[in-house]
Amino acid sequence: MTARDIVKDIGEIYSRIFDHRPFTSAEIQYFLREFEEKRNDREVENLFVSLQNTSEAKDTGVLRSKVACEAHLGHLQKSLEVALGACEEVTNRVPDPKLQAALEANREARKVIWSHFVDDMAHKCSRVDHTFEEKEEELRDFYSDLERKLHIHK
């Protein structure tokens, strides 16, 4: 074997071990081919579905929408006019002085009732607090007496 053959063999070994370009290139080509085939099929299916939906909307959807609008918009407009008239009547209504006086009297009565309720609740809370303090004092006395008695017998 000559030096040239040895260098050639070493170059071949080096390219097989460290040069992955041919393998990488083939893998990339395979991936692209698989991806494009699968994607093209999916894209074609999506285009057919879109075409079908568009054709259906063009053929029947527009006509159905037009018929529905003609059937319901007149009734809707009349209902809106009635509602608008009722709103205008309410906003243009002059407040009745008797009604205002009665409302104000009711408000004052509710304020008095609320004030009594709040005062009553505060009184009940203070009674509960006072009862709690009394019971607490009784228990303290009871246990201190018990403790004193137990120390005597020991």
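The model is predicted, so local features need pLDDT of at least 70 and side-chain atom pairs count only at pLDDT 80 or more, while totals for chains, interfaces and linings use all residues. Residues are numbered from 1 along each chain as its sequence is written, and side-chain values use heavy atoms, with hydrogens and water left out.

Colleague: In what order do the elements of the protein run from the N terminus on?

Modeller: Helices (H or I, at least four residues) and strands (E, at least two) are taken as DSSP runs and numbered from the N terminus. The protein has three helices and zero strands, and from the N terminus on the order is α-α-α.

Colleague: What is the radius of gyration of the protein?

Modeller: The radius is taken over C-alpha atoms, and the globule rule is 2.2 Å times the number of residues to the power 0.38. That rule gives 15 Å for 154 residues, so the protein is more spread out than a compact globule, with a radius of gyration of 47 Å.

Colleague: What percentage of the 154 residues in the protein is buried?

Modeller: Buried means under 20% relative accessible area, exposed over 50%, and partly exposed in between (1.4 Å probe, protein chains only). By that division, the buried residues of the protein make up 1%.

Colleague: How many salt bridges does a search of the whole structure find?

Modeller: A salt bridge is a side-chain nitrogen of Lys or Arg within 4 Å of a carboxyl oxygen of Asp or Glu. One of them joins R107 to E104, with the closest N and O atoms 3.2 Å apart, and both residues lie in helix 3 (residues 97-153), three residues apart. The search finds a total of nine.

Colleague: Is K111 buried or exposed?

Modeller: K111 forms a salt bridge with E108, the closest N and O atoms being 3.8 Å apart, and the two are separated by about one helical turn in helix 3. E108, at 38% relative accessibility, is partly exposed, whereas K111, at 52%, counts as exposed.
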